[in-house]
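Please read them with the sequence and the coordinates open beside you.

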Amino acid sequence: MKHASFIFGSWGITAVSVAAYAVWIIRRGRELAKHATSEEMPWT
Amino acid sequence: MSSAASKRRVTIAVARKDLTIEWNSRILVNQVAPFAAIVMVLFAFALDNDGILQRVAPGLVWLATLFSMLVVIQRSFTVESADGALDALRVAGIDMGAIFAGKAIALMVQLFVLELLLVATAVVLYGVEMTLAGFCEAIVTLLVATVGLGSVGTLYGGLAAGARGRETLLPLLLLPVVAPVLIGATRATEAAFGSGGTTVSEGWPWIGLLLVFAVLFCAVGTVAFGPLVDE
Amino acid sequence: MAGQSGTGTSATRRLGIVVILMLGVLALCGLWFSAEDVVQGSTVRIMYIHVPSIWTAYIAFAMTAVCSGVYLSAKNRSLAWDRVAGASGEIGVLFVAVSLVTGSMWGRLTWGTYWVWDARLTSTAFLFITYIGYLAVRQLGGTHRQRARRSSVLALLAILEIPLVHFSVSLWRSLHQEASVANPNAKVELDGLMLFSLFLGLIAFTLLFVWLLLHRQRAMMLEDAFSDRGLDVAITARRNEAGA
């Protein structure tokens with residue numbers, strides 16, 4: 001494929017940044033939920 | 001306290017108070033104007049090249065205005081938040097729209113003086129030559145752009161006022177918003193200066209853009225200032 | 001159970017699996033199965049990720065504006081609206097950043113330069129900076145109500161500012177010569193699989209946005225609850241001190 005480095009690079013940048021953000025909010029949510037009461041978490 | 005006459009009285013009182021403080025401290029003359037002037041000199045060092053300065057002089061005037069404006073706005077709200085004056089006025093039930101108008105007018109007066117100085121600096125340092133029609137257009141541009149900058153500056157200045165780290169927050173919030181003013185005012189001033197072979201008549205549509213901006217943010221500022229600075 | 005599940009529920013877990021599967025199919029179609037474009041060649045493959053990113057950013061900022069408007073106009077002023085607005089703004093900033101990067105990589109291949117001063121690109125850069133400012137204002141401190149009110153007004157101001165910036169930048173560009181590049185959007189002919197990849201990308205990214213938004217605003221809810229509790233604890237401690 002022509003320009004493979006740019007094409008895979010752009011997909012890679014998108015995947016890595018979105019995945020990093022997703023992991024960050026999941027971990028933050030888990031961390032916070034450890035100390036939360038069930039009234040503070042109405043979705044459970 | 002809500003009649004039109006009392007609002008006008010509040011507006012005038014606030015504007016006069018800000019200008020009196022300014023007059024007594026002379027920060028604008030002693031600190032901001034020299035700062036703006038040195039910025040203009042530094043531009044000349046950075047861009048030293050035959051003919052470039054004359055061509056980019058309008059852009060440099062407005063960039064220097066924007067940078068100096070940040071300093072003036074911060075000063076205008078340090079005065080208020082230092083002793084909680086804005087809170088006191090709000091608690092007293094005074095119309096926030098009128099306070100906005102008063103502070104905006106005081107800011108506009110200061111900015112206008114500053115811009116006159118900067119244009120004069122450009123004429124002297126950068127060898128700008130103007131026709132009479134160009135001079136009139138430059139004055140109109142300064143007036144209209146100043147109304148826009150003053151209103152939007154007061155609006156965002158009030159938001160950043162009571163906050164930690166406001167020195168860095170204000171440029172981040174304000175500079176993107178005033179981009180249309182920089183574009184419009186620079187093009188109109190280019191026409192007035194005749195830089196790059198432009199003619200005076202090319203400037204008027206840009207003044208129209210500045211006018212739209214000014215009217216829009218005067219109206220929005222009067223409405224949005226209260227909720228924004230509300231503590 | 002509450003302690004382990006974090007901000008997830010069985011619904012978000014199922015949604016997450018669907019999103020991952022769809023993104024996998026998108027990668028296969030976009031990078032492997034779909035043909036190269038007649039005009040753009042292989043660079044069209046960047047579009048399958050770039051277009052959904054900017055689409056998601058627009059959805060996110062529209063969501064921020066709508067929720068801010070609802071917060072200000074609703075009678076009960078529920079902070080939930082403010083949290084959704086904030087979470088959405090944060091996700092929008094992420095996606096607009098990603099699409100600026102992928103877009104300039106595409107531009108480098110197509111135009112030979114990472115950046116052209118075209119109105120759409122310049123306004124997108126302003127969009128990015130404006131919402132970074134919005135997020136900064138959310139961090140200013142004060143009570144939740146202050147944060148909500150300030151940031152809602154700011155989000156509505158942004159709605160006013162963005163068209164104005166776009167309009168003036170277009171005027172500014174129209175004065176100068178057009179960027180000397182072929183307009184690549186003019187004749188992109190999409191065959192069936194390319195169209196499928198594009199729509200799959202839009203749907204997958206929209207669902208991804210929903211998933212991120214659900215998690216983020218729940219995490220914000222906990223953050224708010226904890227800082228309230230911290231405040232309560234501080235006030236009680238103060239009272240006890242004063243009473244003693």
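The points below begin with the conventions, then take up the chains and their contacts, and end with single residues.

1. Conventions. This is a predicted model, in which local features need pLDDT of at least 70 and side-chain atom pairs count only at pLDDT 80 or more, while totals for chains, interfaces and linings use all residues. Residues are numbered from 1 along each chain as its sequence is written, and chains are lettered from A and ligands numbered from 1 in the order in which they are written.

2. Chain A. The secondary structure of chain A comes to one helix and zero strands, where helices are DSSP runs of H or I of at least four residues and strands are runs of E of at least two, both numbered from the N terminus. Its C-alpha trace spans about 55 × 15 × 10 Å along the principal axes. Of the 44 residues in chain A, 25% are buried; a residue is called buried if 20 or more other C-beta atoms lie within 10 Å of its own, exposed if 12 or fewer do, and partly exposed in between, with C-beta atoms placed from the backbone.

3. The annotated stretch of chain A. An unreviewed UniProt entry lists residues 6–26 of chain A as "transmembrane region"; UniProt positions are given in the numbering used here, feature names are shortened, and annotations may be inferred rather than shown by experiment.

4. Which chains touch. Two pairs of chains are in contact, and of these chains A and C share the most contacts; two residues are in contact if their C-beta atoms, placed from the backbone, lie within 7 Å. No contact joins chain A and chain B, and their closest C-alpha atoms lie 24 Å apart.

5. Chain C against chain A. Here 31 residues of chain C are in contact with 27 residues of chain A. On the chain C side, two or more residues come from each of helix H1 (2–5), H3, H4 and helix H7 (192–243), and H7(C) gives the most, with nine residues. That side of chain C divides into 15 nonpolar, 11 polar and five charged residues, where Ala, Val, Leu, Ile, Met, Phe, Trp, Tyr, Cys and Pro count as nonpolar, Asp, Glu, Lys and Arg as charged, and the others, Gly among them, as polar.

6. Chain C against chain B. In this pair, 20 residues of chain C are in contact with 20 residues of chain B. Helix H5 (119–138) and helix H6 (144–175) of chain C each supply at least two residues of the side that touches chain B, and the largest share, 12 residues, comes from H6(C). By class, this side of chain C has 12 nonpolar, five polar and three charged residues.

7. A helix pair in chain B. The axes of helix H2 (residues 27–46) and helix H5 (residues 96–126) of chain B come within 10 Å and cross at roughly 35 degrees; axes are lines fitted to C-alpha atoms, for helices over the stretch in contact, and angles run from 0 to 180 degrees between N-to-C directions. The crossing of H2(B) and H5(B) is right-handed, a term used when the near helix is turned clockwise from the far one by less than a right angle, anticlockwise being left-handed. Residues that meet here include B:Ala37 and B:Met40 in H2(B) and B:Leu118 and B:Thr121 in H5(B). The contact of H2(B) with H5(B) has 13 nonpolar, two polar and no charged residues.

8. B:Thr121. This residue lies in helix H5 of chain B, and B:Thr121 counts as buried because it has 22 C-beta neighbours inside 10 Å. Leaving aside neighbours within four places in sequence, B:Thr121 is in contact with B:Ala37 and B:Met40.

9. Two arginines with positive phi. Phi of B:Arg26 is near 55 degrees, a positive value in a residue other than glycine, and B:Arg26 lies in the loop between helix H1 (4–25) and H2 of chain B. With 11 C-beta neighbours inside 10 Å, B:Arg26 counts as exposed. Phi of C:Arg77, also positive, is near 50 degrees; C:Arg77 lies in the loop between helix H3 (44–73) and helix H4 (79–110) of chain C, and counts as partly exposed, with 15 C-beta neighbours inside 10 Å.
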